[in-house]
Amino acid sequence: MKNFISCLCFILFIAPVFSQDSIVDKPVKNIFETGIIFDQQTVVAPMPKSFELVIAHRFGQISNGIDEIFGIYSTSNIRMGLNFGITERIMLGIGTTRYKKLQDLNWKVAILRQSRSGKMPISISYFGNAVIDGQEKSNFGIEEEYKFMHRLSYFHQLIISRKFRERVSFQVAPSVSYFNAVLPGYENIYYAVSAAGRIKITESMGINIGYDHPLTTNEDGNNMPSLSGGIEIGTSTHAFQLYITNYENLINQHDVAYSSYDMSKGEFLVGMNITVRF
Amino acid sequence: MKPGVAIISSLIVLFIFASCEKETLNTGGWAKNVAFQKDVLPMFQVCTDCHGSGSNFDLTSANAYNSLIEGALVNITAPEESQLIKTLNGSAHSSYLNQEQKNIILGWINEGAKNN
């Protein structure tokens, strides 16, 4: 009887203490609202066995003025993507982008995850993509020397992030981009570093800010760094971001190599991202 | 090995092998004896939907030459540095003209960007 009571006491009072430790050691939730912030990736991925639809839209230059509703009537770029959570740590995605008819296959792997106990203070994820440039052959130099491989480019990034308290998150992400073939004046390999942060001002709304800096520059220095800032509204199934930025390409390696809008000249564009989880 | 890890690993290996190319594309030579009215102006027809009359950069037949010259979009001393060429190579405009057409424009700029 005594043994039985001892066991019961253990189960009722002692075991939950061990259970509490395992709950606290679980990964921190919602370091960012969604897997994308401006054109950057975050450590967030879809839940296992679930899909995520991502629509990213970039309008024209704000400086085009009221005649073009500050860029909304101008030529715009759009990417539609679909991501799938294979496991808790692995995501696979596909997407298509209007500019240059870019078709992308992408993947994200959670390497380390920040834990609630603080034992693991940061999250680290690896993001990669392979992109096919779908333009006509005549865009890849003289047609006699065209090869399909000329269309391919790749992007690899380590995303290091941390949630500070409940309302502030920050990440830094070095990257390398590789283009199989480039026009004269451009490089095959680009190194870059990005940073982004979010401050939640209410349970569902936050302010995002981001900066991207290409460490490799083109011959005439026409690939520019980017500054982005905007607001974000999230629900359990949707996340909506509205912001301004000077990047236009939506695909990371094309942003690093080809974005020529100069933020010091006020060449900003309005952008929005919508993520739907289902 | 778990299926997800196998898929990702396979993709990474595949794309490592597919990224063995490293080339600078041969864009061919610039055109010679280019006439603006006959060779260059007709190309801008695809541009006038956005760059038509009254737009901030008018490329219609009557105004295209003045827009290019007064907008400082051509660089006669360094044709490849011309803002027109940089814009045409940029993401938003890269699909509109092919390399052969850009070589005609480069040839025109190289020959003085005349309204001939």
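This is a predicted model: local features need pLDDT of at least 70, side-chain atom pairs count only at pLDDT 80 or more; totals for chains, interfaces and linings use all residues.

Which residue does Asp39(A) form a salt bridge with? I found Arg58(A) as the partner, with the closest N and O atoms 2.6 Å apart.

I then checked where the two sit. Asp39(A) lies in the loop between β1 (36-37) and β2 (40-41) of chain A, while Arg58(A) is in strand β3 (residues 51-61), so the pair links distant parts of the chain, 19 residues apart. Buried or exposed? I get a relative accessible area of 8% for Asp39(A), which is buried, and 1% for Arg58(A), also buried.

Next entry: Arg113(A) and Glu88(A). They form a salt bridge too, with the closest N and O atoms 3.1 Å apart. I placed Arg113(A) in the loop between β6 (102-112) and β7 (123-133), and Glu88(A) in the loop between β4 (77-85) and β5 (90-97), 25 residues apart. Arg113(A) is partly exposed at 26% relative accessibility, whereas Glu88(A) is exposed at 54%.

I also looked across the chains. Glu23(B) and Lys147(A) meet in a salt bridge of 3.2 Å, N to O. This pair runs from strand β1 (residues 23-24) of chain B to the loop between β7 and β8 (152-164) of chain A. Both ends are partly exposed: Glu23(B) at 23% and Lys147(A) at 37%.

Last, I noted a network of salt bridges linking Glu33(A), Arg198(A), Glu232(A) and Arg277(A). My tally over all chains is 12 salt bridges.

Conventions: Residues are numbered from 1 along each chain as its sequence is written. Chains are lettered from A and ligands numbered from 1 in the order in which they are written. Side-chain values use heavy atoms; hydrogens and water are left out. A salt bridge is a side-chain nitrogen of Lys or Arg within 4 Å of a carboxyl oxygen of Asp or Glu. Helices (H or I, at least four residues) and strands (E, at least two) are DSSP runs, numbered from the N terminus. Buried means under 20% relative accessible area, exposed over 50%, partly exposed in between (1.4 Å probe, protein chains only).
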